Amino acid sequence: MNSEKVLSFFKEITTVPRESGHEEQIIVYLQKFAADRGLECRTDEAGNVLIVKEAAPGFEDRPAIVLQSHSDMVCEKNEGVEHDFAKDPIRYVIEDGWMIAPDTTLGADCGIGMAAQLALLDSDMPCGKIECLFTVSEETGLDGAMALQPGFFEGKVLLNLDSEDEGEIFVGCAGGLDTTAVFNHTYDPVCEDFELEEVFVKDAMGGHSGDDINKGRANAVQLLGRFLYSILDLDWQLVRIDGGNKRNAIAREAKAVIAAEPDTLDIINERLEVYAADVAEDYGAIETNLNLGYAGYDLAEESAIDEMTAWNLVTALCASPHGVLAMSQEIENFVETSTNLASVKMVEPGMIRIGSSQRSCVTAARRAAAAKMEACFVLAGAVVTHESEYPGWAPAAVSPIRDACVASYKKLFGCEPKVKAIHAGLECGLFTEKFPGLDMVSFGPTLRGVHAPGERLDLASLDKFVALLNDVVVNFK
């Protein structure tokens, strides 16, 4: 198996729709792959797929190794980009050693892990039995991993291929929890002499709400909420609001349609210009393309969100926590607990929904972060619920596969890899509950900008990732 073959399979995968919750086509692709090669293939009720390749002659005494990735992807695109994730292939370019999707997510998270599994299954490498597990809906709550039943695979050693930093071997991760706040509102008529305009925050970097939460990136929903709060002393109406998208992505764009008298709009726009300058000063070193502004709004709107709900919503968005809440006292430079203010959506008439997610490797701290978010919105009159909690993965004191990966990396590249935990969620936490005694590590090539348009894969790191995977699979005893 080589990196060219892995990349070839990944290019095939980019043509198959696989948004979280809609993995039907990628499941069929995997099943056909197995059938074409005469490999054993199982699919459970949730849609998880397991493809098994028996040990090569002379390797029957080797322990079976489970290779695992998730088959879904986060589907995000830049505003104004025409792309239907339900049918369109991902458009990518190769530039300066990177594979990049300029206007959408690339899906290398975790499509490149899938491709490595397929390339290994398609190879004649001499190795023990391998079981390739492809789980569904990881990005929206680890649904596939939660649905796994004991006995679905047999191996006691697992390589998770869902990490994003070559040269780092992960042996622990944060657990997660989603929190949803809902405002039910009535409508007020838009005042007769009011005019409409749109206030927007766009072109923020965004990123992964776990891996990128400590990088100081702007949250568009938070910035919009802060600005709207700053003009609550003026007479205006909130007509529409929309921002962010996926719970596991830092919001890149947010906008609100407001109504006010022309003179008041002039004051609001002056304040926005000052606010934009302040934000540019705060984030200028990181957010080089961040854009805050206003524009005319031509559609006719006869009603606005009722005044009390609008006030409560704006106040809560301004007060809502976002970002790192605590750093680990045991692991240097490791985020222990964080929260992501992910989205605000008018999901149906009379209802506004705010999505957020909380992460921590400490269960009590994760639940405390969710309680903090709940308290913020309950005080503002919202109905708050929690869902999709999943456990963290604590590093094991003894791990033969960890030791084997470290030794292999040092042999191949002449230096020690970093062994660490990750603040992002991995399915390994659930595997520890469902498959006690499972010995696990996670590693992968270098990805940047995951969960956001512009996601990219470092092709040089892919070479090293494939070399490490080959060496571990062939030599682990």
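Helix H1 has its buried residues covered by a set of elements that includes helix H2 (24-36), strand E5 (98-100), helix H3 (108-121), strand E25 (456-458) and helix H11 (459-475). Helices (H or I, at least four residues) and strands (E, at least two) are DSSP runs here, numbered from the N terminus, and contact means heavy atoms within 4.5 Å. Keep in mind that this is a predicted model, where local features need pLDDT of at least 70, side-chain atom pairs count only at pLDDT 80 or more, and totals for chains, interfaces and linings use all residues. Residues are numbered from 1 along each chain as its sequence is written, and side-chain values use heavy atoms, with hydrogens and water left out.

So who is under that cover? H1 runs over residues 3-13, and Ser 3, Val 6, Leu 7, Phe 9, Phe 10 and Ile 13 are its buried residues (buried is under 20% relative accessible area, exposed over 50%, partly exposed in between, with a 1.4 Å probe and protein chains only). Looking down the axis of H1, these buried residues fall within an arc of 160 degrees, so they line one face of the helix; the arc is that of the directions from the helix axis to the C-beta atoms. An α-helix has 3.6 residues a turn, so residues three or four places apart point the same way. At the start of H1, Asn 2 puts a side-chain oxygen within 3.2 Å of the backbone nitrogen of Glu 4.

Past H1, in the loop between H1 and H2, sits Gly 21. Gly 21 is partly exposed, at 42% relative accessible area.

Now for the pockets. On a 1 Å grid over the protein atoms alone, a pocket is an open set of points where a 1.4 Å probe fits, with protein on both sides within 12 Å along at least five of seven lines, and lining residues have an atom within 4 Å of a point. A volume is the space filled by probe spheres set on the points.

| Pocket | Volume | Nearest the centre |
|---|---|---|
| Largest | about 770 Å³ | Asp 211, Asp 212, Lys 215, Arg 217, Arg 448 |

In the largest pocket, E22 gives the largest share of the lining, four residues. By class, that lining has 15 nonpolar, nine polar and 15 charged residues. For the second largest pocket, E20 contributes the most, with five residues, and the lining divides into nine nonpolar, 15 polar and 12 charged. Ala, Val, Leu, Ile, Met, Phe, Trp, Tyr, Cys and Pro count as nonpolar, Asp, Glu, Lys and Arg as charged, and the others, Gly among them, as polar.

Asp 178, in strand E9, counts as buried at 11% relative accessibility. Leaving out residues up to four places away in sequence, Asp 178 touches Arg 247, Ser 356, Ser 357, Gln 358, Thr 385, His 386, Glu 387 and Ser 388.

Ser 163 lies in the loop between strand E7 (157-160) and E8, and is buried at 3% relative accessible area. With the sequence neighbours up to four places away set aside, Ser 163 touches Phe 170, Ser 442, Phe 443, Gly 444 and Pro 445.

Note on methods: A polar contact is a pair of N or O atoms within 3.5 Å; within protein, one must be able to donate a hydrogen and the other to accept it, and residues adjacent in sequence count only if both atoms are side-chain atoms.
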